[in-house]
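The tour goes from one selection to the next.

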Amino acid sequence: MYVDSVRLINFRNYMDLNLELNKKVNIFIGKNAQGKTNLLESIYLCSAGKSFRTNVDKDMINIKKNQCYVGAKVFGNHIDKFIEIKLERNKPKRIKINKLELEKNRDLYGGLNVVVFSPEDLRIIKDGPSERRNFIDREISQIKPVYRYNLNRYNKILFQRNNLLKNMRMNKKNKHLIDIFNMQMVKSGSKVIIDRARFVENLALSSRKIHRDITYGKEELLLKYRTNVVERFDDILYIEKKFMEKLEKDINNDILKGTTKIGPHRDDIDIFINNMDSKTFASQGQQRTAVLSMKLAEVDIIKEEKEDFPVLLLDDVLSELDKDRRKYLIHTFRDLQTIITSTDIIDLGEFDSLEKKIFCIENGNVNSNAN
Ligand SMILES: Nc1ncnc2c1ncn2[C@@H]1O[C@H](COP(=O)(O)OP(=O)(O)OP(=O)(O)O)[C@@H](O)[C@H]1O
């Protein structure tokens, strides 16, 4: 699929932008703080319904305005969509697809598939488990929108259960309520676990192959899904049974701590390079390459599941890669729409055989005659 055009009104530092994109490579060049990431963020917003760098939607409204608008025309195999998002201060977000307002914002998922790769993504390796969980949650939601429903439901029940646990330190009479929460948590949580396990298995297979290719067979990338609920993921009934047993066994400890110990909210993914923990032992360059392999694996998974390529958004990452890795990445641009930002004039020789459009960004203005 590809984004044909984007319209931005009062979005961050864009007052009114009408942009027509190329179906293949689009390169946006600009100095720091001109609006390059903002532009990628607006496209991501049309995919996920939220930003990839803030949890506060209103941050995306121009600071001098009360509302903003993002519109994107998206085409693909069997897809012809006009996605529109309006953010207003003190009002809920409104999303329309082909002029029809969505009842539930999560219905946006799967409409426009994107894979983002930015310097911030190193956090997937460097930071704690929640960063890795966010990463897989975002990706699974694109492929399987009902996953987001199960996850939101699980988190809501978990929040209520934790509140109840805190109250139970004083008043143990609420035991029957805990039983109800346990049942609901087990139902939605087991679905989350099984989807995560399947996704990480696919991601591991595909990224291992890509990583081997990028590193000329020198490095072996290993990803492993880890949950404190079960060790095998082939049977949902087994997961439900084990999950319930562990919740019940841990109840006194949970009451004492006022929080739930067992469940997918504590999941993590182990990322090893040549059998060593990538967080502790890998160099910055190795970590970046591992993330790149995972992102390109995501492209493959989306292509496989949705029978169409996602749009690839690359935020200032080309200059961070060495020549061989850049060459490998640029080779993939043949198949899909790529939107690249850079502060440097990229060596366009590397893009020679590719269909491309080059833009200059300056203070929220975009000029398409930069070459
Ligand atoms: N809500 C907002 N209203 C107005 N301007 C904003 C808003 N949010 C961010 N900006 C402005 O957008 C600019 C930053 O844009 P962006 O993050 O896209 O920069 P960039 O071109 O990617 O820069 P870099 O190369 O440094 O990453 C800054 O000048 C910032 O002040």
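Predicted model: local features only at pLDDT ≥ 70, side-chain atom pairs only at ≥ 80, totals over all residues.

Residues are numbered from 1 along each chain as its sequence is written.

Select R196. This residue is in helix 5 (residues 175-214); helices are DSSP runs of H or I with at least four residues, numbered from the N terminus. R196 counts as buried because it has 22 C-beta neighbours inside 10 Å; the cut-off is 20 or more other C-beta atoms within 10 Å, with C-beta atoms placed from the backbone.

Contact means that the C-beta atoms, placed from the backbone, lie within 7 Å. Y225 is 29 residues from R196 in sequence, and their C-alpha atoms are 7.6 Å apart.

Next select helix 3 (residues 129-143), whose axis comes within 10 Å of that of helix 5 and crosses it at roughly 95°. Axes are lines fitted to C-alpha atoms over the stretch in contact, and angles run from 0 to 180 degrees between N-to-C directions. The two helices are therefore roughly perpendicular, a term for angles of 65 to 115 degrees. Helix 3 contributes I136, E139 and I140 to the contact, and helix 5 contributes D195, R196, F199 and V200.

Finally, show the ligand. Of the 16 residues around it, N32, A33, K36, T37 and N38 come nearest; a residue is near if its C-beta atom, placed from the backbone, lies within 6 Å.

Methods
Buried ≥ 20, exposed ≤ 12 C-beta atoms within 10 Å, placed from the backbone. Parallel < 35°, antiparallel > 145°, perpendicular 65-115°, else oblique. Contact = placed C-beta atoms within 7 Å.
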